[in-house]
Each structure stands twice: as C-alpha cells, then as structure tokens.
Amino acid sequence: MSSMHIENPETLADGSKNFDEDGRAKRTGTWVTASAHIITAVIGSGVLSLAWAIAQMGWVAGPAVLFAFSFITYFTSTLLADCYRSPDPVHGKRNYTYSEVVKANLGGRKFQLCGLAQYINLVGVTIGYTITASISMVAVKRSNCFHKHGHGDKCYINNYPFMIVFACIQIVLSQIPNFHNLSWLSIVAAVMSFAYSSIGLGLSLAKVAGGGHVRTSLTGVQVGVDVSGIEKVWRMFQAIGDIAFAYAFSNVLIEIQDTLKSSPPENRVMKRASLIGIMTTTLFYVLCGCLGYAAFGNDAPGNFLTGFGFYEPFWLIDFANVCIAVHLIGAYQVFVQPIFGFVEKWGKEKWPESQFINGEHAVKVPLCGSLNLNFFRMLWRTTYVVITAVIAMLFPFFNDFLGLIGSLSFWPLTVYFPIEMYIKKSKMQRFSFTWTWLKILSWVCFIISIISAVGSIQGLALDLKKYKPFQAQQ
C-alpha cells in the first residue's frame, strides 16, 4: 500500500491489507485491464456499420466525422477521469458510478437527468447487443446455406431462437456479482473484437486488391442514382448516429476507473488507458470504414460481415461472426453491470433487513468451487435479461437502433456532463475564452445529436413498415 493509505485514518482498523481505504476489496486494475475494458466497450457492433456510414458521407466527410468523434470522446473522457474522486482528483472521496460523480459535482436535478440518460442508454445498448449477436449467429447458418445452395438462394432464417440462446448465456453470466470479477471476460472479448475487425479488414483489403469496379465518391451515395435527395439527408443523419454509437463508453468510464489500484493515481492511469483505447479503436474504425467503403462502394451493406458483402471463404465469415457473438456476450456484461448495481444498491437501502435481498447463499458448482448466490440478484437479473431479449425481438433493426442509441446518449453522457463538471470543479469564469469554446462544443454536439436521432427514428419507421418477422434481418 502507498504511504497515502498508511496515513489515512480510514484504513481498516484490523490492519488488513486486502482492502482499500474505503473498506472495499483491494482494487488490482492497471492501465492494461482498463484499456481492455475500454476496447471491449468501444469496439463493439459499431465497427460493423462503419463502411455503410462512410458510404453515406463519402471520402471527405466520413473520415472527418470519425476523427472528430474520437477527439471529442478522448477530450471529454480526460475531464471525466478527474471527477472520479472529489473534490480533489487524487486524494478526494471516491465516486463509484457515473451518476454518483454527477451528484458529487453538480447535485440535484442534473443528477436525476444524468441517471435517466445513463440508464436509458445502458438499456438501449444491451438491447442493441442482443440484436447484433443474434444477427451474427444467424449469419453463420446463412453463410453455410449460401455455400451449400449458392448465392442466389434466399436462405431465410428466424432470429428469435438465437436471441433466446444469447439471453440464456447472459442469464448465467449475470450471476457474476460485479465488475471486479469481469477482467477475464473483458480480455477475451477484446481479443474477439480484434479478431473479427481484422477479418473484416483483411476481406475488404482482398476485395480491393482483387479489382472489380465499385462506385465511390467524395460525397458518398449519389442523389438521383442511389437515393433521392431527402433519403440522402436522412441517411447522413443516421450515419452520424452510428458513428456516435461506435464511440459510446463514457457511461461506463467511472465503473472501469473504479477497478484501478490507487497507486499511481487513478485519474492519471485512466487518461492513459483512454488514450490507448481510443487510439486503438479509431485506427480500426478508419481502416474498417474506409477499406469497407473502398471494397463495396456506395452499395456497402449496413453490417459488412452479416449483410453478405462477403460470401467466401465461408469458414472465415463463420469464424468472424462467432467472434462477434463471443465479444458481444462480454460487452453486454460490461454495460449491464451498472444497471444491476444500481437496482441492487437501491433494494439494500430500501429493505436493509430483508434476507431475500441481502442474504448470500454458498452453492458448490462443479469445476468452479463455491459460488455465492443471492435470490433477489438471481431473480432481478434474470428478469432484466428476459425483458431486453423480448424488446430485441420486437425491434430487430441493426443500423437504425444503433444510430438512435448513439444519438440519444452521445451529447448528455459524453459531452454535456463532463464539460459541466469540469467548469464547476475548476471554478471557471463565465464568458472566459475556455468557458465560451467549451459551451460552443457542447451546443454543436447537442444539435448533431438531435438531427441524428431524427434520422434514426425515420429509418426505424421505414423498417417497421417493411418488417417481415420471420425473415433474417441484416
């Protein structure tokens, strides 16, 4: 333990070194595990829609929007990392969740608005990941079908059984008590995300190298050729939402930071992990998006590994889609744990004497040793997973759903609250140069979020009109 903790009178009275100064189990996270958590949270299903997003905007605006979102996300994540402890970023009191950070720094009404925005986003992400994982599982069966019966076969396969399989896996994994037990899952998921992104990258590169004419342009899909004027506008708005979703991780940043050991200071380690995580993901995003666009041109599919831009080698497509499914199994847990923690903490505070809510029961599991089961945790977490699976079955639309979640959550969670907390903590003077440009950045992001949300809602409305429930979604 560092000297800071030895001198701290709150260190456990029994002198145990297995606990931090707040009485919780000693944190062991490093910049490596934090970077893995970030990569797991960021490189998700968002990467699969980037070729389509760049196709809507073209060679100039597409990469520019990607870089702009990566810079904004990194900048605001550094502001947020300094708010984990308050009032002092190194020696202050710990805040364990994003909403606690907002409460400590901004208080009152903004804390309630933050909680609402965060949990709507987290619920949306878990529904989105259920949709995407099931589409990838279906794609494995469809890929084998196309290989067997030819590319002209329709190969319709129902998504629902695969959503049920995904939900069953999540019900089991959801019994893991908290974030601190998930490092292994995050590292497996991060490896999977690199695997399928690299396969998509390699297949795009091979397609580009193999020649064949595809239409690309500086401005993306062409009005009058690919789409009408109004469709072009809606699609560009939706593409911005897809890219915003691709960078969504601010809502779990504090939970990730809470896994870090206290020396060196958590805020410094978190800034380093954020830089590594966001640089890594941006490199992948630009390569996947630009090479995907170069490979498919203006006809780029919404999901370039399941929309069957590629058919062969079928076994490699199968492996990539299995990697997506495995990654999303891990990513779902990273995003759902804050929801579980919030409801369980509320239950314990409301009914502190209840054995149903607070009692832990040791159960021996073959090959895993002893596992602590809590009946309330088991019932509530199972119910949550089932509900998100049912909603995913009702709205199984990949691109529009991702765009809507991205646009609704990007401004409040990634931009507004970190900037407001930084202004408050630094006691910044109103209308000073820094205050002015931070406010301009926040308002610009707000306008972008609104227009991309409108584009995604319009896309969802179109999808619902055309929806045939027992055909494979792409």
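Tutor: The crossing of H3 and H15 is left-handed, a term that applies when the near helix is turned anticlockwise from the far one by less than a right angle, clockwise being right-handed. This is a predicted model, in which local features need pLDDT of at least 70 and side-chain atom pairs count only at pLDDT 80 or more, whereas totals for chains, interfaces and linings use all residues. Residues are numbered from 1 along each chain as its sequence is written, and side-chain values use heavy atoms, with hydrogens and water left out.

Helix H3 covers residues 50-81 and helix H15 residues 433-466, and the two pack with their axes 13 Å apart at an angle of about 130 degrees. Helices here are DSSP runs (H or I, at least four residues), numbered from the N terminus, and the axes are lines fitted to C-alpha atoms over the stretch in contact, with angles from 0 to 180 degrees between N-to-C directions. H3 and H15 are therefore oblique to each other, since under 35 degrees counts as roughly parallel, over 145 as roughly antiparallel, 65 to 115 as roughly perpendicular and the rest as oblique. From H3 the contact (heavy atoms within 4.5 Å) is made by Phe69, Ile72 and Phe75, and from H15 by Trp437, Leu438, Leu441, Cys445 and Ile448.

Cys445 is buried at a relative accessible area of 2%, where buried means under 20%, exposed over 50% and partly exposed in between (1.4 Å probe, protein chains only). The closest cysteine sulfur to that of Cys445 belongs to Cys114, at 17 Å, which is too far for a bond.

The structure does hold one disulfide, defined as a pair of cysteine sulfur atoms within 2.5 Å. Cys145 and Cys155 form this disulfide, with 1.9 Å between their sulfur atoms, and the link is left-handed, with -80 degrees about the S-S bond. Because Cys145 lies in helix H5 (residues 108-149) and Cys155 in the loop between H5 and helix H6 (160-173), the pair ties together parts that are ten residues apart in sequence. Cys145 is buried at 16% relative accessible area, and Cys155 is also buried, at 5%. Cys290, by contrast, is in no disulfide, the nearest cysteine sulfur being that of Cys288, 9.8 Å away.

Ala246, in helix H8 (residues 229-246), is buried at 0% relative accessibility and touches Val42, Gly46, Leu50 and Tyr285, not counting residues up to four places away in sequence. Ala246 and Ile43 are 203 residues apart in sequence, yet their C-alpha atoms are 6.9 Å apart in space.

Ser274, which belongs to helix H10 (residues 266-296), likewise counts as buried at 0% relative accessibility. Apart from neighbours within four places in sequence, Ser274 is in contact with Ile38, Tyr74, Ser77, Phe249 and Leu253.
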